[in-house]
Amino acid sequence: MSLIFHPERHTPLDAPAWDADAARTTVQEIVSSCEAAARPEGTWPVHPRDDEGDTPEGGFKGLYLGGAGLLWALWWLGRQGHATLRWDPAARVDALAAAWQRAPDNGEPLPSWFLGEAGLRLVQWRLTGRDDAASRLLAVAAANRHHPSQEALWGAPGTMLGAWHLAHLANDPRAVDELRANVSAVLAGLHRHDDSGCQVWTQAIHGREVIYLGAGHGFAGNLHALLLASAWLPEAERAALQALAIDTLSRTARREGTLANWPPGLYTPRPGGALALLQWCHGAPGILCAMHPLPSDLDAGFEALLEAAGEAIWQAGPLAKGHGVCHGTAGNALALLALHARQGDARWLQRARAFAMHAIGQMRALQQQHGQPWHGLWTGDMGLACVLAQCLDGRYQGVPTLDLA
């Protein structure tokens, strides 16, 4: 079995040529459909594929599955001139925050960036610019510095992004201090992996300890936040983080000919489990996006490795499971855009656009299958809209609600 990708998880590329007008029309269609389905409190109906039996009353409210992510996407697409909005997302964000306080998605007020309060407070701050939202965002990040998970979904590598956005976009000195404190806290968990000889974190999630490598839960997601934060660190610390990224990802990569990918983690998969995944949350696509802040002139061998990872994404073809960002074709298109930004090679932009067109077809097929749109930023239609917008602009601007906010 290939260590690079499993063919059954992918599907042949089947898309018309890049059509900017069709992409613009699709973005507006997704936005209009999302606006029409919104509830006054800033939540949306949950798609069957996002409903695993634990859907909170009134719908999800966080970044990943819920209203915070959708309000942000509507705001960003309108602000960028990629869609015409019928109502102002900022007018509903306070109601969403109040709904979350009354009934948090997970039954308790978790700080989580993706699923809890931190991501929601980022959206509240971006849409309103209010200091009370900024202050609350920093307080949540501070309270979450030492979360035991040591990964971005639940832990400090995710919630520190709130401080990064405030430092990066508002030059808030409180945020710079919080960012530096988070860097120290996250680095404290770094340790040597004996078999590979590299430095990693051990994730403590879902009742077990495991070493993941990807952007969703693992090493790449942690490094992404640290590399963003390194702009406020001394040069020696910044160089050490860059060297850490190159060393660990070079040592843990798997190569076959001209292709490269990373295993989900440094562990033995359960029987029947995947040896290789090619999606944003696990594998090369998320790692390409996570390494965007890393300068491209540091190590020629590492740049060749990232190019081989892009080639693997392209050769494997679109993901069969859907069109979303986290584990779908839009996320892989975003990774190819990130590689285009690193290398300036037009073929990566062309390939990203080809994947985006294929994702449009996947979206329409799923709408027909389920009889409804999929109002999700990370899993469904709105994430695709954000990727189409970047394809239309011809440049990588970031992963929605991570480095793009």
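**Ground rules.** I'm working with a predicted model, where local features need pLDDT of at least 70, side-chain atom pairs count only at pLDDT 80 or more, and totals for chains, interfaces and linings use all residues. Residues are numbered from 1 along each chain as its sequence is written, and side-chain values use heavy atoms, with hydrogens and water left out.

**Ring pairs.** I looked up the aromatic pairs and found eight. (Rings of Phe, Tyr and Trp, the last by its six-membered ring, pair if their centres lie within 6.5 Å; planes under 30 degrees apart are stacked, over 60 edge-to-face, the rest tilted.) I picked Tyr64 and Trp378: their ring centres are 6.1 Å apart and their planes at 25°, so this pair is stacked. Tyr64 is in the loop between α1 (20-37) and α2 (67-79), and Trp378 in the loop between α13 (346-370) and α14 (381-393), so the pair ties together parts 314 residues apart in sequence. (Helices are DSSP runs of H or I, at least four residues, numbered from the N terminus.) I then checked burial: both Tyr64 and Trp378 are buried, meaning under 20% relative accessible area with a 1.4 Å probe, protein chains only. Ring pairs also link these two with Phe114 and Trp280 in a cluster.

**Charges over rings.** Here I wanted NZ of Lys or CZ of Arg within 6 Å of the ring centre and within 35 degrees of the ring normal. Arg92 has its charged end over the ring of Trp87, 3.7 Å from the centre. For Arg351 over Trp348, I noted 5.0 Å.

Notes
Helix = DSSP H or I, 4+ residues; strand = E, 2+ residues; numbered from the N terminus. Buried < 20%, exposed > 50% of the residue type's maximum accessible area, 1.4 Å probe, protein only.
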